[in-house]
Amino acid sequence: MMIQWLWITALHVAPKWLESLVEQLFAALPVWLTSNLTPTDATDFIVWPLLQIGVMLLIVLTVVAYLTLAERKVSAWIQVRVGPNRTGPLGLLQPAADGIKLLIKEDVIPFKADKVVFTLAPIISMVCAFIVLAVLPYGPHYASITNINIGLLFILSVSSVGVLGIILGGWASNSKYPLLGALRSSAQMVSYEAAIGLTIVSALIFTRTFSMQGIVEAQRSLGVWFILFLFPSFIVFLVSAVAETNRAPFDLAEAESELVGGFHTEYSGFRFSIFFIAEYTNMVVVSAIAATLYLGGWYVPGMDWVAAQLPAAYREAALTLMGVTAFSIKCGAILYLFIWMRWTFPRYRYDQLMELGWKWLMPAALANIVLTATIFILGKELGLVRSVKGVLEMAWQGKVFFTVAGFLSLFPILALLNAINRNSRSFNLRAQRTTIPLSTRKVKLSPGVKPA
Amino acid sequence: MSDETKPTSEATSGAVTPEAAASQADAEREAKIAAAKAKAAAAKAARTASGESATEPTSADADKEAKIAAAKAKAAAAKAAREAAGDGGDAASPKPAPAKVPAKAAAKAPAKKEAAPAYVEIKDDPLITALRAAFQDDIKEAVTNNGQQIIRVVPERARDLLWYLRYDASVQFDMLTDVTAVHYPDRKAFEVVYQLYSIAENRRLRVKAELPEDQSIYTVCDIWAAANWLEREVYDMFGITFEGHPDLRRILLPEGWVGFPLRKEYPVEYRHNEWVAANLNILEIPEGADLTGKFE
Amino acid sequence: MLLVGWEALFFWLLTLAALFAAVFTVSAHNPVHCALFLISTLIATAGLFLLLRAEFVAGAQILVYVGGILVLFLFVLMLVNTRSEVENPFNRQDKVGAFIAVLVGLALLGAVTYTQQRGGFFKTKPSADRLAIENARPDPNAPAGVISADTETLGVTLYTRAVLPFEIASVLLLMAIVGSVLLARDRRQEETYD
Amino acid sequence: MHTAIPLVTHHSETLFDAEEMVLSMGPQHPSTHGVLRVILKLDGERVVDLDCDIGYLHRGAEKIFENRLYPMIAPYFDRLDYIAAVSNGLLYVETVEKAMGIEVPPRAQYLRVILTELNRLSSHLLWLATHALDIGGFTVFLYAFREREEILKIFENFFGARLTCHAFRIGGMTYDAYPEFEAQVRAFCDLFPKRLEEYETLLNENRIWLGRTVGIGVISAEDAISLGLTGAPLRGSGVDYDVRKASPYECYADLDFDIPIGENGDTFDRYLVRMEEMRQSRRIILQALDRLPDGPVLGKVPKVIRVPAGEVYHSVEGPKGELGLYLVSDGGTKPYRLRMRPASFINLAALRKMAIGSLVSDVVAVIGSLDIVLGEIDR
């Protein structure tokens with residue numbers, strides 16, 4: 001009531017008000033722009049970023065397209081098949097064919113769907129997946145688009161918004177399977193985001209920064225990868241990351257054998273392909289985070305030495321080249337792991353997924369924070385590590401200490417998990433025998449009981 | 001199950017209840033049909049009754065009833081109607097007479113004879129002997145054919161017999177392998193066939209109950225859970241009503257289908273055009289079309 | 001802190017977006033749409049935090065509110081009768097609501113006027129506190145690898161000076177969780193599920 | 001009451017009330033193995049009640065049987081359980097032979113056993129494939145199809161068909177085995193155990209697989225018997241009943257094999273039972289190959305097949321369970337009534353008992369473990 005009233009009064013009492021505002025705005029705009037947008041500003045803040053974004057989108061979309069091909073090829077290899085090999089040499093044009101097929105398909109919007117949200121959902125998914133690409137450290141210097149202060153937090157936040165795409169898509173379809181998929185997805189995301197966030201906290205103890213480049217630099221200055229210090233955290237992250245990207249064995253939101261396709265059951269053609277691209281982009285993002293946090297990002301021990309051998313003019317370029325290559329290889333390895341997992345494991349059940357999230361990964365992540373902090377303080381007290389201008393410095397003794405302590409901290413965590421899950425059903429599954437009696441024998445049945 | 005329908009081995013309440021449950025409307029319909037056919041049947045029945053009695057495998061009792069029916073068709077139809085409505089006096093008797101059935105069977109049975117199957121009476125089997133002792137004349141015969149044991153029982157006691165075989169007999173038949181029916185249009189009857197199996201004794205037994213058309217039989221759902229779907233299928237295919245069945249719906253054919261395909265009078269090639277048009281929306285019925293659906 | 005140039009532009013854009021989304025949040029007919037507008041409001045607010053150079057707060061706001069709480073909102077909305085359209089999103093509480101809204105608006109206006117009088121929301125120099133933080137913050141173009149002063153300040157404050165309120169809040173939330181679990185599980189459910 | 005911009009699309013319908021939701025699973029659903037439709041009543045994801053809607057594939061087979069000459073009926077059986085066409089064909093010819101008292105020559109008996117067991121293997125492999133696929137193990141699916149392909153190649157050579165195999169004739173076989181038959185079957189049997197181990201490596205100790213199958217769809221021995229379950233669902237519950245042992249047909253009495261028996265009656269035990277059955281089938285095939293006698297493959301059969309009046313019930317152990325056939329003859333050239341006891345049909349009836357109270361995902365797993373074929377259920 002009030003809102004309408006306010007609107008009406010605002011527009012009716014002074015109809016000229018809005019017009020004059022617009023007029024003033026347009027009059028002021030050129031002046032404002034010239035005063036605020038110097039040519040250098042324009043190149044720095046508009047031209048360069050747009051160029052970088054364009055190049056990166058091109059590269060990432062190609063990578064994503066070929067990731068789908070890689071997925072199919074790897075799965076074919078795992079399953080002793082050939083895989084796509086008809087479109088182009090070795091099936092290399094398959095992604096293009098797939099893309100064209102999806103583009104020219106009929107775009108169906110269900111009659112009873114909430115059309116606005118239905119259209120919005122894939123866009124949310126893809127935009128969020130792509131925004132994150134801006135802060136990934138592909139390599140040193142020119143090879144990354146931007147380096148923001150809260151890089152890691154930014155990635156987590158944006159990908160948590162990306163979940164909305166799945167949820168809203170499932171809801172807006174106005175159909176039961178997508179709704180179930182959306183329900184599953186929202187529960188799953190909330191649970192596993194918590195686990196991811198917590199496991200990253202323990203990594204932050206060593207990285208001392210949220211900035212993605214900063215994390216790489218931290219490892220570069222130490223000359224080690226944090227996977228050595230943070231092995232339990234890495235495992236928790238990896239498992240949660242698979243869940244976060246909705247991939248098997250955690251692909252409950254789509255679960256084609258149960259929910260027919262889950263949240264994207266009603267999507268077709270281009271809209272479906274947007275979801276598809278978003279999913280694979282998310283895979284790339286998550287593997288990039290894992291590579292950055294635990295595997296040194298674009299840093300490989302010894303690359304500085306190699307660069308130092310070269311003439312000074314080539315150093316930067318060589319470093320960049322090596323960095324980008326190393327980063328791609330690391331991401332590729334993790335992506336391969338994801339694909340491998342998908343084609344090996346059966347699918348979790350909804351409640352088992354929740355159990356894994358809340359009773360295994362969460363306690364492990366929490367315990368790991370405590371343990372890592374304790375280890376860090378211990379190392380600090382022993383004088384093995386000192387903080388210089390926010391970056392850690394340590395000698396080889398420190399590195400050995402943290403490595404050993406990191407791996408040893410697995411045991412208390414496992415002990416804790418054992419204590420928590422000792423009596424749960426899933427914990428005792430391995431006790432299940434896998435052979436069955438063969439001898440022909442008559443089973444003793446209780447005598448038939450007459451129903452009353 | 002309510003007390004009323006709970007069967008016991010000595011009382012015959014179980015045998016009577018289907019009759020009691022049959023509605024008055026049913027009985028009236030029966031009476032009308034019987035009355036309408038009576039006149040025509042009387043002459044025909046008189047001609048065929050003697051031949052029928054020789055081959056009819058059920059009992060001399062039926063034959064006797066048939067003769068009565070042939071002589072006094074109208075009276076028999078009235079009696080059938082009364083019994084269908086559930087005559088209290090008749091219910092108390094240990095062996096309810098299947099009155100209306102042979103009357104109609106006799107009335108419509110064709111003169112064609114069947115070759116007598118090689119059924120051999122079972123003589124010395126402790127289980128069968130015990131059954132005979134417990135059920136007396138309700139077991140019409142116990143025979144073997146192709147080496148397989150068959151018990152024929154009056155439909156009213158079929159459930160009691162199966163209950164007995166499941167729980168009380170010396171060989172407990174714990175598995176109901178199959179329930180099916182066979183239609184004998186010339187006798188105007190179905191044979192409801194129960195295939196039993198005892199896992200412990202590795203023994204099979206077939207129980208058959210000859211059920212007049214339009215009469216219902218008791219469910220055995222609560223004795224063997226397997227009977228649920230099997231009886232539904234029999235209902236679906238033959239239209240036999242199983243009383244006390246918790247969920248008697250069509251199972252293979254869609255809801256709303258007309259007719260029971262495995263009855264002999266149902267044509268092999270048949271399309272229920274009305275149903276197809278209404279439910280599948282693939283057929284437009286032209287004006288004045290023949291909706292019987294029989295193919296040329 | 002002066003609002004000039006691009007900052008001003010973004011400030012106004014984000015503010016308007018937040019305000020309009022907030023209005024639609026209460027006036028939308030479909031609960032899920034309401035949640036969507038609420039999300040927009042929160043994201044716009046996060047943008048405002050960014051303008052204030054409080055990157056950590058901005059990130060945490062999106063992560064916690066959008067990624068966590070509103071996803072749960074949507075979860076609940078989908079579980080319950082999702083398709084019920086509220087014909088009139090306003091009920092008899094709207095008068096009370098309007099009154100409170102006006103009250104809060106006046107209070108905010110007063111606060112803005114007050115700060116302006118103290119010297120500086122739109123016009124003049126920033127306050128001494130803010131200046132201190134501004135000066136403490138490293139140059140934005142400085143090499144990465146350093147926790148932003150904002151994050152550090154927040155962390156230190158939260159775990160030293162504000163530790164008691166922080167803990168009280170967490171205990172309160174814990175109680176709320178336990179309570180809601182107890183309320184949600186009725187006897188019938190427990191019997192069927194256990 | 002409207003805001004300035006119309007933002008809201010109007011939905012008039014209520015999707016479901018907060019308590020329960022009715023979900024129609026099928027007839028077009030990836031995991032209902034054909035055109036089964038399961039109507040689930042859900043509380044969240046938990047199944048409160050369910051009902052099976054079958055009959056989408058109903059072809060009136062039993063009605064057709066009554067109007068066909070005896071030799072004409074046999075091919076219809078291949079189309080009932082199209083996954084186990086050989087077993088179905090065997091059931092029919094044996095029933096007629098039993099009713100007519102025809103003696104089948106020993107070579108035909110052994111060949112029939114070999115082919116039936118191969119068919120059991122292929123059926124079980126298809127079950128394993130789809131069961132694993134339902135639970136999300138896609139790789140097992142393709143592995144199992146790889147081995148099934150080997151069997152189908154043998155079938156193709158023998159029968160000329162891969163799916164609706166038909167070479168059994170009343171009184172024996174239509175033709176003898178092709179020359180390389182024995183070698184090919186032996187080669188397959190040599191390969192097969194390794195492949196079985198491969199599947200078991202992927203599944204047996206897999207925590208997710210165990211989590212999805214152990215304790216899911218439990219059915220006690222008493223319930224299983226009462227529901228008339230046969231085949232692996234019955235044996236998985238610990239009841240030792242296999243028609244091949246209980247009332248041996250063909251030459252099964254001469255062959256040495258074991259019947260695996262489960263204990264818990266859950267999906268995992270049914271899985272184990274079938275896996276072991278595959279090993280036993282291989283044993284049977286090898287033994288039968290070793291003893292394969294020479295001689296004719298077709299016994300003395302009258303020109304016009306006329307079953308003497310009477311009735312006979314015969315059953316064989318199909319891959320899905322006990323396949324029974326009840327033949328009532330009036331002495332003519334067509335059966336008066338031919339009733340097939342469909343194992344899948346009766347096994348499927350147990351779904352309700354097994355799945356109520358579990359989750360949607362479990363329903364899929366249980367349907368997979370029941371190993372149903374809609375062609376046989378709907379007939």
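Trainee: Do helix α9 (residues 231–244) of chain A and α11(A) run roughly parallel or roughly antiparallel?
Mentor: This is a predicted model, where local features need pLDDT of at least 70, side-chain atom pairs need 80 or more, and totals for chains, interfaces and linings use all residues. Residues count from 1 along each chain as its sequence is written, while chains are lettered from A and ligands numbered from 1 in the order written. The two axes (lines fitted to C-alpha atoms, for helices over the stretch in contact, with angles from 0 to 180 degrees between N-to-C directions) come within 10 Å and cross at roughly 170 degrees. Under 35 degrees is roughly parallel, over 145 roughly antiparallel, 65 to 115 roughly perpendicular and the rest oblique, so this pair is roughly antiparallel.

Trainee: Which residues of α11(A) does α9(A) meet?
Mentor: Look for contacts, meaning C-beta atoms, placed from the backbone, within 7 Å. From α9(A) come Phe234(A), Phe237(A), Leu238(A), Ala241(A) and Glu244(A), and they meet Val286(A), Ala290(A) and Tyr294(A).

Trainee: How far apart are the end C-alpha atoms of helix α3 (residues 39–78) of chain A?
Mentor: Helices here are DSSP runs of H or I with at least four residues, and strands are E runs of at least two, numbered from the N terminus. The expected span is 1.5 Å times one less than the number of residues, so 40 residues should give 58 Å. The model agrees with that, at 55 Å.

Trainee: Where does α3(A) bend?
Mentor: A bend is the angle between axes fitted to the seven residues ending at a residue and the seven starting there. In α3(A) the bend is about 25 degrees, and Pro49(A), a proline, follows within four residues of the spot, which is Val47(A).

Trainee: What is the bridge partner of Glu121(B) in β2(B)?
Mentor: β1(B) pairs with β2 (residues 139–145) of chain B over two bridges, in the antiparallel sense. Glu121(B) is bridged to Val143(B).

Trainee: And in chain D, how many bridges join β6(D) and β7(D)?
Mentor: The open sheet there has the order β6-β7-β8, with antiparallel pairing. Its edge strands are β6 (310–317) and β8 (337–341) of chain D. β6(D) and β7 (residues 322–329) of chain D pair in the antiparallel sense, and the number of bridges is eight.

Methods
Two strands pair if DSSP finds at least two bridges between them. Two residues are in contact if their C-beta atoms, placed from the backbone, lie within 7 Å.
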